Amino acid sequence: MVFSSLEFIFLFLPIFLLIYGASSSKYKNAVIFAGSIFFYSMGFADMGLKAMALYSSLFLLTILFNFIIGEFISHYRKAGRLWLVIGIIFNFWWLIFFKYTGFAFENINGIFNASLPMKNIILPIGISFYTFQNVSYIVDVYRKSAESESSIVNYGAYISMFPQLIAGPIVTYSTVAEQLKERTHTIKKVENGLKTFTIGLGYKVLIANQIGGLWNDLSMIGYQSISAPLAWMGIVAYSFQLYFDFMGYSYMAMGLGELMGFTIPKNFDYPYLSTTMTEFWRRWHITLGSWFREYIYIPLGGNRKGKSKMVRNFLIVWTLTGLWHGASWNFVIWGLTLFSLIMLEKFVIGDFLNKYKIVGHLYMILIIPLTWLLFAITDFKELGIYFTRLVGANGEHVVFEKDYVKYWGIYGKYFIAGIIFSTRIPEFLYKKIKGSVFCSLILLLVFWAAVYCMYKGMNDPFLYFRF
C-alpha cells in the first residue's frame, strides 16, 4: 500500500484520520503506533500472512530493543558506551543481513569460483530508513543531545510513523521529541496538510509516473536500438522521474505529518538549480546528507585534521552513501564518482563554477543525468551500451531514424512540466494564491486528475522504496 494508491487515499487514510481525530490527546500516539504497524504489515500482504507476521514482528523487535538500549544508556552511564556499541551492532546486523548478504555471497562465489548457496532474502520495507533513525536516537541519547524516551508508545510512534516510515525523510528523535509529548491540531494545519499532500501526489502521479514511461519504453526497445538524441532524452527523463518521485513522496509525508500535528523536515530544496555537485547534495535528500554528516563525517574528524583526513572522511561517507542506496557495484561506482566530482570542485573548479553561475548550470545539466545513469542501470554491460549510445556509437542498430521526434511528441509536455517545476516559479506563484478559492480549485483538479490516473492503473511504486 503506497500513498499514491486508491486503497490508501480512500480506505486507510480516512479510517485512520477518523480514529485519530476521535481519540483524546492521551491516546493519539497509540493510534499512530497501531495504525503505522498495520500500514507496515500491509506492505507484505502479497506475500501472505506468514510474511506479514514475520516482518512486522522484526520491526517491533527493533523498536523495543532500541527503546530498551536508550533507557540503559540513559540510566547506566558508566556502561553507556558498551550499550551504544551493542545497539549499533544490533541495528546494522539486520540491515547488513537483509540488504548485503546476497551481494557478499555473489562476489565471494565470483572471486573464488565457489558455489555458496544464496537464498532469496526479501528486504524489509523501509529498513534503510528506520535503521538510521534508531541509530541516531541511541547515539543522541549517549551524547546527551537528547533525553531517552520513557514511553514505549511514544518511541514506537516516532519510529513507525507511517508518513515517513517507508522512504523518509530521516527524522531524528530530537526533531519531534516535544511534538510527541504535546502538539496542536487546528483546521489550518489540516488544510495545509491536505494541500501539501495533494502537491506531492501531483508530482508523483502526474509528472514522475508519466515521464518515467519514456525510460520504461527505452528498456523495452533495448538500449542498443536507440539514437543518441533519444538516449539523452531517456536519461533526462529518468532524472526528472527520480526527482519528482522522491520529492512527491516527501511532500506527501510532510502533508500527512501536518494532519497529525507534526512538522516533518523538508527533504529537497530545488537541487536541479545547483551550480556544483557539492551544492546539489546539500539540496537533495537533505535528511540523509545531514545523517551522514552528523553521525559519520564529523565523528571521523570532519575537516578538522587536515586535508588528507578530510579526503579520507569524504571517501568513507560517499562509499557508504553508495552502498546505502543499493547492494550492487554500480551504486559503489556511483558513490565514488560523486566523491571524485566533489573533490574536484573542492580543490580545483568549485570557485570558478560558483563565480560563473551560467557555466555552473551548464556543467550540472550535463553531469546530473550522467551520474543518475550510473544509479539507474545495474548491469554493467547494459550500462556500457547506453554510454555508447550517448556518443552516437554503433548507430547501425537504431530501429528507425528520428525516433526522438516520435517520443518527444509523446513525452514533450512532461519534459516542459519537469523543467518548470524544477524551478522556484511554481512555489512563488503558489504562495501568492495559497489562501484563495482559485488555489483550492487548482489543487482539487490536481487531486482528481491523479485519482483518475491511479484508477486507470497508472500508479507505480516509489523508486526509493527499493533503497
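These legends walk through several close-up views of one predicted model. Because the model is predicted, local features need pLDDT of at least 70 and side-chain atom pairs count only at pLDDT 80 or more, while totals for chains, interfaces and linings use all residues. Residues are numbered from 1 along each chain as its sequence is written, and side-chain values use heavy atoms, with hydrogens and water left out.

**View 1. Phe12 and Phe38 form a stacked aromatic pair.**
The structure holds 77 aromatic pairs, and here is one of them: the ring centres of Phe12 and Phe38 are 6.3 Å apart, with 10 degrees between the planes. Rings of Phe, Tyr and Trp (its six-membered ring) pair if their centres lie within 6.5 Å; planes under 30 degrees apart count as stacked, over 60 as edge-to-face and the rest as tilted. This pair links distant parts of the chain, with Phe12 in helix α1 (residues 6–22) and Phe38 in helix α2 (residues 25–42), 26 residues apart. Helices here are DSSP runs (H or I, at least four residues), numbered from the N terminus. Phe12 has 8% relative accessibility, so it counts as buried, whereas Phe38, at 44%, counts as partly exposed. For these labels, buried means under 20% relative accessible area, exposed over 50%, and partly exposed in between (1.4 Å probe, protein chains only).

**View 2. Tyr243 and Trp284 make a tilted pair.**
The two ring centres sit 5.9 Å apart and the planes are at 35 degrees, so Tyr243 and Trp284 count as tilted. Again the pair links distant parts of the chain: Tyr243 is in helix α10 (residues 228–259), while Trp284 is in the loop between α11 (277–283) and α12 (286–300), 41 residues away. Tyr243 and Trp284 are both buried.

**View 3. Two lysines sit over aromatic rings.**
Lys28 lies over the face of Tyr20, 4.4 Å from the ring centre. In the other case, the charged end of Lys99 is over the ring of Trp324, at 5.3 Å from its centre. The cut-off is that NZ of Lys or CZ of Arg must be within 6 Å of the ring centre and within 35 degrees of the ring normal.

**View 4. Helices α1 and α2 pack against each other.**
The angle between α1 and α2 is about 160 degrees, and their axes are 9 Å apart. Axes are lines fitted to C-alpha atoms, for helices over the stretch in contact, and angles run from 0 to 180 degrees between N-to-C directions. α1 and α2 are therefore roughly antiparallel to each other. Angles under 35 degrees count as roughly parallel, over 145 as roughly antiparallel, 65 to 115 as roughly perpendicular and the rest as oblique. α1 passes α2 in a right-handed crossing; a crossing is left-handed if the near helix is turned anticlockwise from the far one by less than a right angle, and right-handed if clockwise. Ile9 also has its place in helix α1, and its 7% relative accessibility means that Ile9 counts as buried.

**View 5. Helix α9 packs with α10 and with α17.**
Helix α9 (residues 187–221) and α10 pack at about 160 degrees, with axes 7 Å apart. That makes α9 roughly antiparallel to α10. The crossing of α9 past α10 is left-handed. By class, their contact has 25 nonpolar, 9 polar and 4 charged residues; Ala, Val, Leu, Ile, Met, Phe, Trp, Tyr, Cys and Pro count as nonpolar, Asp, Glu, Lys and Arg as charged, and the others, Gly among them, as polar. With helix α17 (residues 403–421), the angle of α9 is about 135 degrees and the axes are 10 Å apart, and α9 and α17 are therefore oblique to each other. α9 passes α17 in a left-handed crossing too.

**View 6. Asn113 and Lys144 have positive phi values.**
Asn113, in the loop between α4 and α5 (127–143), has phi near 55 degrees, a positive value in a residue other than glycine. Asn113 is exposed, with a relative accessible area of 70%. Lys144 is found in the loop between α5 and α6 (152–160), and its phi is near 70 degrees. Lys144 is exposed as well, at 62% relative accessible area.

Terms used
Helix = DSSP H or I, 4+ residues; strand = E, 2+ residues; numbered from the N terminus.
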